[in-house]
Amino acid sequence: MNGIEKIIARIDSEARSEVEAVSADAQKQCEEIKEKYDKAAKDEYWKIVKAGVKTCELHIQRMSKTAAMESKKSVLSLKQEMVSLAFEKAKELIRAFPSDRYTDFLAGMATQAAVTGSEEIILNESDRKQFGDETVRKANAMLKAKGLPGKLVLSKVTKPILGGVTVKSGDIEVNCSIEVLAELCRNDLAPQVAEIMFDEGR
């Protein structure tokens, strides 16, 4: 091998070594870049997973709150319905009073509503036929006992009411129908009725 060949061989050898070094460095850089992006990808993956879990937790919390609110609304609606049924039942029970007790009830309402003692008593058609005269008699007796003139009279007209009385003096009417009385009582007694029915606070 002459001098030129030796030089060429040396250059070739050095070039190969340089190429190998560059290749190794490039490989190392590629691996570092790959590791860096693998880590970044994993970090982003877990970031997305954690965000998804957080979103699910918030969604579940909102659903739980909504369910609790809907449950309270349903319970409140049921209580209101049951209270309404209780007052409807009370009206039915009044209508089912025995004759003596019912005429006492009608006369008592008329007496409380009367001012002069000479008003008209208006009943529904059925009550007028069955209890009209007895109601007027009892009401007048009650008024006299209170020191008022017992001059109430039974009106010829009737009212389309469930029961109870309307007391009329001229253009002024005092409605003591069962419906009105139940509604007035409901405004005052609904909380107590609900407490009794549902044992609230126990």
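A: First a term: helices (H or I, at least four residues) and strands (E, at least two) are DSSP runs, numbered from the N terminus.

Q: Where is the place of Glu119?
A: Glu119 sits in the loop between α2 and β1.

Q: What kind of model is this, and how do the numbers work?
A: This is a predicted model: local features need pLDDT of at least 70, side-chain atom pairs count only at pLDDT 80 or more, and totals for chains, interfaces and linings use all residues. Residues are numbered from 1 along each chain as its sequence is written, and side-chain values use heavy atoms, with hydrogens and water left out.

Q: Back to Glu119. Buried or exposed?
A: Glu119 is buried, at 4% relative accessible area. Buried means under 20%, exposed over 50%, partly exposed in between (1.4 Å probe, protein chains only).

Q: Which residues does Glu119 touch?
A: Leaving out residues up to four places away in sequence, Glu119 touches Ala114, Lys151, Leu152, Val153, Val167, Lys168 and Ser169. Contact means heavy atoms within 4.5 Å.

Q: How many residues apart in sequence are Glu119 and Val167?
A: They are 48 residues apart in sequence and 6.4 Å apart in space, C-alpha to C-alpha.

Q: New topic: the sheet. In what order do the strands come?
A: Four strands form an open sheet, β2-β1-β3-β4, with mixed pairing. β2 (153–154) and β4 (172–177) are at the edges with a single partner strand each, so one side of each has no neighbour in the sheet. Two strands pair if DSSP finds at least two bridges between them.

Q: How many bridges join β1 to β3?
A: Three, and the two strands run antiparallel. Ile121 stands opposite Val167 in β3.
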